[in-house]
Amino acid sequence: MPVENPAPPLDLTSTAVRALMLYSLLEFQSGHATTIRVTAEGNAFSIADNGRGHPIDKTVDGTSYLKFIYTHFDYPFESGRSASIQLQGIGISLINAMCSELTLTVKKPDATLYVQFRDGQLHESVRTAVVSEETGITVSARINPQLQGDGVATQALEDWLLGVLAVSPTLKLFFNGRQLQAVSQTDA
């Protein structure tokens, strides 16, 4: 009887980066962001964009919007909530649930909000009154080491990011500190 090869371990770091990139790409495609910065090494990653960032004063049924969308699994579906509210943050909640630590820094023109989650639960939230011309969000996280296999496949992730850049050539996209350049059809 032939021995089956086990499935390769999932690259959850790349999966999380790809999922969060979709949020940053929405900011770019809607004209609110021009630059996205991605880092990924081992089981750690970060994504930053210069878009609008999450709303920091919004609430959902009396709960901070950020706490709600990042810990969505703590708020089960209820018959009184509309479908759009019930589905907000499902992807972000999944990513947060996979992480041993996840931090957000949301910059607004008049405030900066720092939020830290540990093992999927809100640990700390600090709002500082700061006047700034910069806006945007940075999400930094570490996949729980019990879930992540060999770490991130950086070349495969860079190739995927180059594919994103190919369809969004005006995007300024950085990966691990280096600006990626779109490959034109004539270069390929």
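**Before you start**

The model is predicted, so local features are described here only at pLDDT of at least 70 and side-chain atom pairs only at pLDDT 80 or more, while totals for chains, interfaces and linings use all residues. Residues are numbered from 1 along each chain as its sequence is written, and side-chain values use heavy atoms, with hydrogens and water left out.

**Stop 1: the whole protein**

Show everything as a cartoon. You will find 5 helices and 10 strands. Helices here are DSSP runs of H or I with at least four residues, strands are runs of E with at least two, and both are numbered from the N terminus. Of the 188 residues, 42% are buried. Buried means under 20% relative accessible area, exposed means over 50%, and partly exposed lies in between, using a 1.4 Å probe and protein chains only. Now think about contacts, meaning heavy atoms within 4.5 Å. Among contacts between residues at least 6 apart in sequence, 56% join residues at least 24 apart.

**Stop 2: helix α1**

Select residues 12–29, which form helix α1. This helix has 18 residues and spans 25 Å from its first C-alpha to its last, close to the 26 Å expected at 1.5 Å a residue. The expected span is 1.5 Å times one less than the number of residues. Colour the buried residues of α1, including Leu-12, Ala-16, Val-17, Leu-20, Ser-24 and Phe-28. An α-helix has 3.6 residues a turn, so residues three or four places apart point the same way. Which elements do the buried residues of α1 pack against? They pack against β1, β2, α4, β8, α5 and β9.

**Stop 3: helix α4**

Move on to residues 90–98, helix α4. Its buried residues are Ile-92, Ser-93, Ile-95, Asn-96 and Met-98. Among the elements that cover them are α1, α2, β5 and β6.

**Stop 4: Phe-117**

Select Phe-117 in strand β6. Is Phe-117 buried or exposed? Phe-117 is buried, with a relative accessible area of 1%. Beyond its neighbours within four places in sequence, Phe-117 is in contact with residues including Leu-66, Tyr-70, Asn-96, Leu-104 and His-123. Thr-71 is another of these contacts; the C-alpha atoms of Phe-117 and Thr-71 are 9.1 Å apart, and the two residues are 46 apart in sequence.

**Stop 5: salt bridges**

Next, show side chains. How many salt bridges does a search of the whole structure find? It finds 4, where a salt bridge is a side-chain nitrogen of Lys or Arg within 4 Å of a carboxyl oxygen of Asp or Glu.

- Glu-27 pairs with Arg-52, with the closest N and O atoms 2.6 Å apart. The pair links helix α1 to the loop between β2 and β3, 25 residues apart. Glu-27 is buried at 11% relative accessible area, whereas Arg-52 is partly exposed at 43%.
- Arg-127 pairs with Asp-57, and their closest N and O atoms are 2.3 Å apart. Arg-127 lies in strand β7 and Asp-57 in the loop between β2 and β3, so this bridge ties together parts 70 residues apart in sequence. Arg-127 is partly exposed at 45%, and Asp-57 is exposed at 57%.
- Lys-107 pairs with Glu-134 at 3.2 Å, N to O. Strand β5 holds Lys-107 and the loop between β7 and β8 holds Glu-134, so parts 27 residues apart in sequence are tied together.

**Stop 6: the second largest pocket**

A pocket is an open set of points on a 1 Å grid over the protein atoms alone, where a 1.4 Å probe fits, with protein on both sides within 12 Å along at least five of seven lines; lining residues have an atom within 4 Å of a point. The volume of this pocket is about 200 Å³. β1, β2, β5 and β8 each supply at least two lining residues, and β8 gives the most, with 3. By class, the lining has 2 nonpolar, 6 polar and 4 charged residues.

How values were computed
Grid points are joined across faces, edges and corners, and a volume is the space filled by probe spheres set on the points. Ala, Val, Leu, Ile, Met, Phe, Trp, Tyr, Cys and Pro count as nonpolar, Asp, Glu, Lys and Arg as charged, and the others, Gly among them, as polar.
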